[in-house]
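Here are my notes on the model, as numbered points. Please read them with the structure open.

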Amino acid sequence: MELQLFDTYQREVRAFESIENNQVGLYSCGPTVYDFAHIGNLRTYLFVDLLKRVLALNGYDIRHVMNITDVGHLVSDADDGEDKMEKGARKHKESAWDIAKRFEAAFFDDLERLNILKPTIVSRATEHIQEQIDFILSLEEKGFTYITDDGVYFDTSRQDNYGFLARLDKEGLMAGARVEVNHKRHITDFALWKFSGDTERQMEWESPWGKGFPGWHIECSAMAEKYLGPLFDIHVGGEDHISVHHTNEIAQSQARHNTNMANYWMHGYFLQLDKEKISKSGKSLTLEQLIQKGADPLSYRYLTLTAHYRSHLNFSWQSLQSATNALTRLRGLVSEWKRGSKEDKLPHAEYQQRFYDLINDDLNLPGALALTWELAQSDLESNVKLSTLSYFDQVLGLNLMESTIELDIPQEVIELAEKRLLARKNKQWSLSDELRDEIESAGFQVEDTREGYKIKSKKVELGE
Ligand code: AMP
Ligand code: ZN
């Protein structure tokens with residue numbers, strides 16, 4: 001099956017066609033680096049990673065640009081409130097520049113631990129101030145802006161199709177809004193440049209309109225254009241970006257270039273925590289916290305594969321434990337197959353085709369995972385299973401081939417298992433249980449089979 005992707009703009013699954021042969025220009029909105037990323041944010045980056053891996057399997061070369069929002073993202077989407085970076089600096093008692101550096105580094109550590117492929121280009125908003133000023137100047141020249149006492153604003157009433165991405169009811173919104181909506185003429189207007197005014201800021205720049213800082217949306221439009229041109233293939237972000245951030249990026253590009261910026265707009269749905277929204281400032285959970293409880297970061301990756309990117313996923317410790325068990329089991333099976341296989345074989349053509357069709361069907365990873373288990377439980381030869389799984393893992397990204405531990409079982413553990421086998425034959429059940437406990441405290445697990453027993457590495461139990 002040819003690659004099909006859901007495009008939020010058209011609200012339908014569309015066959016993917018790139019602008020230029022086998023090249024894909026991809027832009028994903030990056031983190032606001034005022035605190036650690038939470039596992040919800042990371043779900044979105046895992047989704048972007050899957051998309052890239054699927055595109056690569058389809059033979060595309062990907063130029064992936066990701067920004068780092070290190071200025072201008074305000075606490076409220078309505079262009080009010082403090083800059084998240086300045087607020088974060090106060091909270092952490094460090095300069096805004098220092099926290100930007102620190103949390104950007106922590107973010108990239110998280111990506112690495114999750115086996116997420118690096119972007120081709122990482123661009124920081126603070127290093128592209130001139131590009132943003134130039135973009136705003138061109139909007140001003142075309143008459144899309146107005147200046148108030150607090151900044152330069154984009155006049156959304158100048159665009160008939162403003163808000164199409166989010167299917168915004170612009171007229172309804174305007175009719176229901178107060179006439180003077182903070183410093184704006186219309187409720188949907190948004191800041192391109194904000195003046196520092198009387199506020200003392202650590203991050204501010206001179207501009208043709210006065211000292212201040214860029215709005216959040218202009219950074220993505222300016223940097224995407226610099227590295228990918230006025231129209232590129234795919235723009236990605238979390239679902240919360242549909243109604244404001246991406247809507248406004250499109251408005252800016254339409255005003256400047258008369259393009260929709262990207263041909264496909266894709267959005268990852270949220271991860272919830274006990275059915276509630278996770279946020280950096282409220283209810284939150286970081287990858288580091290999962291690791292502290294004994295989880296392998298790739299178990300979290302496995303967990304996110306169990307839900308389609310366009311459905312919400314509720315995080316629970318129980319579901320992470322199930323993902324941990326499944327991943328451990330898969331790794332154990334790979335070890336077993338490795339021991340039982342002598343020569344290399346090609347992947348199984350039918351499984352390969354089925355996998356390809358699933359991932360090309362708008363990234364059906366839950367289906368691909370189910371197929372992985374079908375393969376594992378099939379009676380194909382071990383070496384065929386291995387090569388087929390290695391093909392699957394190019395997309396799953398679970399490092400199944402490398403992370404396999406060749407079990408080195410100590411002689412004393414084998415002796416304990418032998419004694420236990422004997423105890424079971426003699427129906428000495430409590431002795432058999434004691435021996436099982438001894439084996440477990442040595443870090444192994446024993447499983448009864450028709451032939452006798454099997455020793456595996458112990459299941460990882462996540463702590464409380
Ligand atoms: P931020 O660092 O707040 O700018 O967000 C970074 C990315 O994470 C954006 O693409 C957001 O849409 C996304 N995001 C925020 N919260 C969640 C969540 N709970 N689940 C999935 N993605 C999220
Ligand atoms: Zn963006």
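1. A polar contact is a pair of N or O atoms within 3.5 Å; within protein, one must be able to donate a hydrogen and the other to accept it, and residues adjacent in sequence count only if both atoms are side-chain atoms. On ligand 1, a polar side-chain atom of Asp-240 lies 2.4 Å from an oxygen atom.

2. This is a predicted model: local features need pLDDT of at least 70, side-chain atom pairs count only at pLDDT 80 or more, and totals for chains, interfaces and linings use all residues. Side-chain values use heavy atoms, without hydrogens and water; residues are numbered from 1 along each chain as its sequence is written, while chains are lettered from A and ligands numbered from 1 in the order written.

3. Ligand 1 again. It is surrounded by 16 residues (a heavy atom within 4 Å). The closest are Thr-32, Gly-40, Thr-44, Asp-240 and Lys-280. A backbone N or O atom of Gly-40 lies 3.0 Å from a nitrogen atom of the ligand. For Thr-44, a polar side-chain atom lies 2.6 Å from a nitrogen atom of the ligand.

4. Now the helices (DSSP runs of H or I, at least four residues, numbered from the N terminus). Axes are lines fitted to C-alpha atoms over the stretch in contact, and angles run from 0 to 180 degrees between N-to-C directions. H1 (residues 39-57) and H13 (residues 382-396) have axes that come within 8 Å and cross at roughly 135°.

5. Which residues make the contact of H1 with H13? Leu-50, Arg-53, Val-54 and Leu-57 of H1 meet Tyr-391, Asp-393, Gln-394 and Val-395 of H13 (heavy atoms within 4.5 Å). By class, five are nonpolar, one is polar and two are charged. Here Ala, Val, Leu, Ile, Met, Phe, Trp, Tyr, Cys and Pro count as nonpolar, Asp, Glu, Lys and Arg as charged, and the others, Gly among them, as polar.

6. H13 also packs with H11 (residues 349-360): their axes come within 10 Å and cross at roughly 15°. H11 and H13 are therefore roughly parallel. On the H11 side are Tyr-351, Gln-352, Phe-355, Tyr-356 and Ile-359; H13 supplies Thr-388, Tyr-391, Phe-392, Val-395 and Leu-396. This contact has eight nonpolar, two polar and no charged residues.

7. H6 (residues 216-228) and H7 (residues 245-257) pack at about 55°, axes 9 Å apart. That makes H6 oblique to H7. Their contact residues divide into three nonpolar, seven polar and three charged.

Note on methods:
Helix = DSSP H or I, 4+ residues; strand = E, 2+ residues; numbered from the N terminus. Parallel < 35°, antiparallel > 145°, perpendicular 65-115°, else oblique.
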